[in-house]
Amino acid sequence: EDDVSDELLKGSLPAIRKRLYKYIAVAEVKLIILDEFQHLISSKSKKVLNDIADTIKTIINETKVPVILVGTTKANEVFVENPEMARRISEKIRLKPFSISSEVELKTYRKFLAHIDKSLPFINYSDLAQLEMSIRFFAASNGYIDDTMRIIQDAGYTAIHENKDSITLKDLADAFENNPGQNQQAEGNPFIANYDELKKWTCIENAQMGITHKQSNLRKTSDIF
């Protein structure tokens, strides 16, 4: 892979593009995903980096391969500054954070946590999707995937380092304490707080307008599916 990357980056920009199109065709690429698209906006000048934008437009035109651009809301500035780019993107979709304002939305969030739990490299489940734990996670993240995943990853590293069979509540509490994230509106550490008190936090009460705190029978990861 390193040899291919080195060869691809040799020569002028037109030569690089030509080789890129060749590799895309030879590899039978079906989809191109460009992450962190918002970085097309220069942090210094706040202007679109038009040479990169032009390269992306050319790739779309020349390869005929579908392209997905992924980025934060700041990426919208690219389309404002570069109308030609906007015309080449047929649909824009905003991925909203998880919500727990209904039983259905809460179950969806718990399914997400259950899938993550199943993918973790531990002997036992960490019961991330258990009802109480899902409310703690929501308080810690406000439903944002990046904050949810960061807490799980940090707690997971600790659990692996300490040779544990699963992630513990303390691991999650420490992860939140070390890096609480920017999206949460918790009134304390949700992985330490008394659960009955946590349910009264403003961030949870506002998020669960119209939903009851009845105990669900879906308590463990294996029960979600």
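The model is predicted, so local features need pLDDT of at least 70 and side-chain atom pairs count only at pLDDT 80 or more, whereas totals for chains, interfaces and linings use all residues. Residues are numbered from 1 along each chain as its sequence is written, and side-chain values use heavy atoms, with hydrogens and water left out.

**Stop 1: the salt bridges around Asp171**

The side chains of Lys164 and Asp171 meet in a salt bridge, 2.7 Å from N to O; the term denotes a side-chain nitrogen of Lys or Arg within 4 Å of a carboxyl oxygen of Asp or Glu. Lys164 counts as partly exposed because its relative accessible area is 25%. Now include Glu162, which is linked with Lys164 and Asp171 in a network of salt bridges. The structure holds six salt bridges.

**Stop 2: helix H9**

Select residues 169–178, which make up helix H9. Helices (H or I, at least four residues) and strands (E, at least two) are DSSP runs, numbered from the N terminus. Which residues of helix H9 are buried? They are Asp171, Leu172, Ala173, Ala175 and Phe176. To see what covers the buried residues of H9, display helix H7 (131–141) and helix H8 (145–161), which are among the covering elements.

Next, select Lys170 and Asp174. Both lie in helix H9, four residues apart, about one turn of the helix. A salt bridge joins Lys170 to Asp174, with the closest N and O atoms 2.8 Å apart. Lys170 is exposed, with a relative accessible area of 55%, while Asp174 is partly exposed at 32% relative accessibility.

**Stop 3**

Asn163 is placed in the loop between H8 and H9. Its phi is near 55°, a positive value in a residue other than glycine. Most residues other than glycine have a negative phi. With a relative accessible area of 69%, Asn163 is exposed.

Move to Glu28, in the loop between helix H2 (13–26) and strand S1 (32–34). Glu28 is not a glycine, yet has a positive phi of about 55°. Is Glu28 buried or exposed? At 57% relative accessibility, Glu28 counts as exposed.

**Stop 4: Ser126**

Select Ser126, in the loop between helix H6 (103–119) and H7. Ser126 counts as buried because its relative accessibility is 7%. Leaving aside neighbours within four places in sequence, Ser126 is in contact (heavy atoms within 4.5 Å) with Asp117, Leu120, Met133, Ser166 and Ile167.

**Stop 5**

Val70 is found in the loop between strand S2 (67–69) and helix H4 (76–81), and is partly exposed at 35% relative accessibility. Select Val70 together with Leu31, Ile33 and Ile68: these residues form a nonpolar patch on the surface, with about 330 Å² of accessible area together. Patches are made of residues with over 30% relative accessible area and no salt bridge, like charges being joined within 9 Å and nonpolar side chains (Val, Leu, Ile, Met, Phe, Trp, Tyr) within 5 Å. Accessible areas come from the Shrake-Rupley method with a 1.4 Å probe; for residues, only the protein chains shown count as cover.

Which residues lie nearest the centre of the largest pocket? They are Val70, Gly71, Thr72, Ile93 and Leu95, of 32 residues in the lining. The elements that give two or more residues to this lining are S2, H4 and H8. About 1,300 Å³ of space lies in the largest pocket. A pocket is an open set of points on a 1 Å grid over the protein atoms alone, where a 1.4 Å probe fits, with protein on both sides within 12 Å along at least five of seven lines; lining residues have an atom within 4 Å of a point. Grid points are joined across faces, edges and corners, and the volume is the space filled by probe spheres set on the points.

**Last stop: the whole chain**

Of its 225 residues, 38% count as buried. Among contacts between residues at least 6 apart in sequence, 64% join residues at least 24 apart.

Key: Buried means under 20% relative accessible area, exposed over 50%, partly exposed in between (1.4 Å probe, protein chains only).
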